[in-house]
Every structure is written in C-alpha cells, then in structure tokens.
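My notes follow in the order I went.

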Amino acid sequence: MKRFLLYAVLVVGAFVSVFPYLLVVLTAFKDRAQLHTTAPWLPGDPMTTANLEKLLGGDFPSFILNTLLMTLALTAGQLVFTTFAAYAFARLRFRGREALFWMFVATMMVPVAVTVIPLFLIMRQLDLINTWGGLLVPYILGTPYGIFLMRQFFRGLPAGLEEAARMDGAGPLTILLRVLLPLCKPALGTLAIITVISSWNSFMWPLIITSGDETKVITVALAALKVGIGVDYTAIMSGGLIALVPMVVIFIFFQRYIVRSVVLTGLK
C-alpha cells in the first residue's frame, strides 16, 4: 500500500511537471481561432503547422544560430578560464589566496539585477553595445559558481598525484593538463551542462545589451512576439517549442550526465 501511494504521488508530480510543456506543444499546433474554441489541454482540430512555418520562414533561424553561437562561446570560455582560476585557488600558493577566493565567491550573493547597470555602463564606455563582444565579455571569463565548483573538486583530488608528477619534472601547467584534467571529467561535465542550460535560457543581459537582429537571441525574439495589440499566443508557443526542442534533445542524450551533475553539485 505504501509503495502504491508513493508511485501515485510520483505520477501526479510528474504530470504536474510535464503538463505546462504539453500545453506548449498543443498550443503551438493551433491557429488563433482554435485557441479560443478548444480546451487548452485538447489538440487543435485539425492541427496546423502554420505558426512554425511562419517563424522558421522568417528571421527565427538566425536567432537560433545566434543563441547557439553564444552558448558555445560561453561554455568554452567557462570551461577554460574557470579551470585555470580554480586550479590556482586550489593548488597554487600565493599571498591573500583564501581572502581573494572568498571575496570572489561572495559576489554570488549579489543579485544579477544589481550588476546590470554597471556592466552596461562599462560596455558603453568600451563601445561594445549591440556587439558580440558586449554580449559575451561579461560572462565568458568564468563565474564564481563555476570556480567554486571546480576548486572544490581539485581540492578533493589526492595531493600525491601532483607530488609524483613534480618529482618527474612536471610544471604546474603540465600537472593541470596531463594529470588533473583527465580526472575532472565529472566536474567539467557538470559545469558544461549548467552553462549550456543557463546560456541558452539567458534573457536579461541579451535584452539590455543587444538591439539589432545580428545579435538577437531566441529568448529576446520570443519576448518581441508579445509587442503590439492582440498578443498571438499560438506564435509565442510555437517559438517556445522551437526553443524547447534543443533542451529536450540534450536531456534525452545526456540524462545520465545531468543526473550525475545534480549529484555532484549536491555533494560539493
């Protein structure tokens, strides 16, 4: 009986979690008339792909490409620069290391909205408004969370590995690249997954720093669909479905690593 109740609760929880996504899919394949004549949880009769064809036949593919490029650039930068910074904080000894690290980590407590205006002013002074540089520079060099995660993982590795490599004449860079990094695949996978998801769904900073179609990402493009009199919810849901598909594909193919990332994040 207890197991039955447990599974019943899990099924209800899964349904509640999946139901909003089901509404997105069903609404994406309705026209504006069907949206008001059929129940939200029922498919259109007949189902139509006109909304998807309209979006994909316009500028939406370029917005998807912009989002993909931004995500790849931020993920690559996060993995590279975060790894070097975390290694320095974990293994290298220099004056003020601990104080500097905890001051850096303390910035995680600052709301993102507080830093938006100073970042925008800096980008304006550097003439990076509405450019790829302005979109990427503030976040491509790593984040406090990523550095904290990788530092904790480095600190958990046996110090004897470095000592043995150092006795063989290896320097800090060789130790990092050839000894420690091969052992850091779980942490790097965790960081990559978190960065991909957060970058793909990023909205506030791209909305503020970009204004042209050349750098517009998919989240900003979705927000732009709501401009004007009479919001076309079917078009918005179609755009949401297009934005959702890559994340679903990532989950299907990398769910083992996603679960591992959740476990690792909890342990660290």
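**Entry 1: the cores**

I began with the largest nonpolar core, which has 18 residues; Tyr87, Met150, Phe154, Leu157, Leu180 and Cys184 touch the most other members. I then asked which helices supply at least two residues each, and listed α4 (60-91), α5 (97-106), α8 (144-155), α10 (172-180) and α11 (185-200). I keep in mind that this is a predicted model.

Next I took leucine 180 and looked up its contacts. Setting aside neighbours within four places in sequence, I found Tyr87, Phe154, Leu157, Glu162 and Ile175. I also noted a second, separate core of 16 residues. Trp200, Ile218, Leu241 and Ala243 are among its members.

**Entry 2: threonine 75**

I stayed with helix α4, where threonine 75 lies. Is threonine 75 buried or exposed? Its relative accessible area is 10%, and the cut-off for buried is under 20%, so I count threonine 75 as buried. Which residues does threonine 75 touch, not counting those up to four places away in sequence? I wrote down Ala192, Thr195 and Val196.

**Entry 3: aromatic pairs**

I counted the aromatic pairs next: the structure holds 9. I looked at phenylalanine 15 with phenylalanine 19, whose ring centres are 5.4 Å apart with 40° between the planes. That pair is tilted. Both residues lie in helix α1 (residues 2-28), 4 residues apart, which is about one turn of the helix. Phenylalanine 15 is exposed at a relative accessible area of 53%, and phenylalanine 19 is partly exposed at 26%.

Then I turned to tyrosine 87 and phenylalanine 154. Their ring centres are 5.9 Å apart and their planes meet at 75°, so I logged the pair as edge-to-face. Tyrosine 87 sits in helix α4 and phenylalanine 154 in helix α8, so this pair ties together parts 67 residues apart in sequence. I find both tyrosine 87 and phenylalanine 154 buried.

I also looked for rings that group together. Phe89, Phe94, Phe101, Trp102 and Phe148 form one aromatic cluster. Over the ring of phenylalanine 101 sits the charged end of arginine 151, 3.9 Å from the ring centre.

**Entry 4: helix α1**

I went back to α1 and checked its length. With 27 residues at 1.5 Å a residue, α1 should span 39 Å. I get 39 Å between its end C-alpha atoms, so the two agree.

Where in α1 does a kink lie? I place the kink, of about 35°, at phenylalanine 19, shortly before proline 20. I listed the buried residues of α1 as well: Val24, Leu26, Thr27 and Ala28.

**Entry 5: the whole chain**

Last, I stepped back to the protein chain. How many helices and strands does the chain have? I count 14 helices and 0 strands. Along its principal axes, the C-alpha trace spans about 75 × 65 × 30 Å.

I noted burial for the chain too: buried residues make up 33% of its 268 residues. Residues 24 or more positions apart account for 74% of them.

Terms used: Residues numbered from 1 in each chain as written. Predicted model: local features only at pLDDT ≥ 70, side-chain atom pairs only at ≥ 80, totals over all residues. Heavy atoms only, no water. Core = buried A, V, L, I, M, F, W, Y, C linked by side-chain atoms within 4.5 Å. Buried < 20%, exposed > 50% of the residue type's maximum accessible area, 1.4 Å probe, protein only. Contact = heavy atoms within 4.5 Å. Phe/Tyr/Trp six-rings, centres within 6.5 Å; stacked < 30°, edge-to-face > 60°. Lys NZ or Arg CZ within 6 Å of the ring centre and 35° of its normal. Expected span 1.5 Å × (residues − 1). Bend = angle between axes of the 7 residues up to and from the residue.
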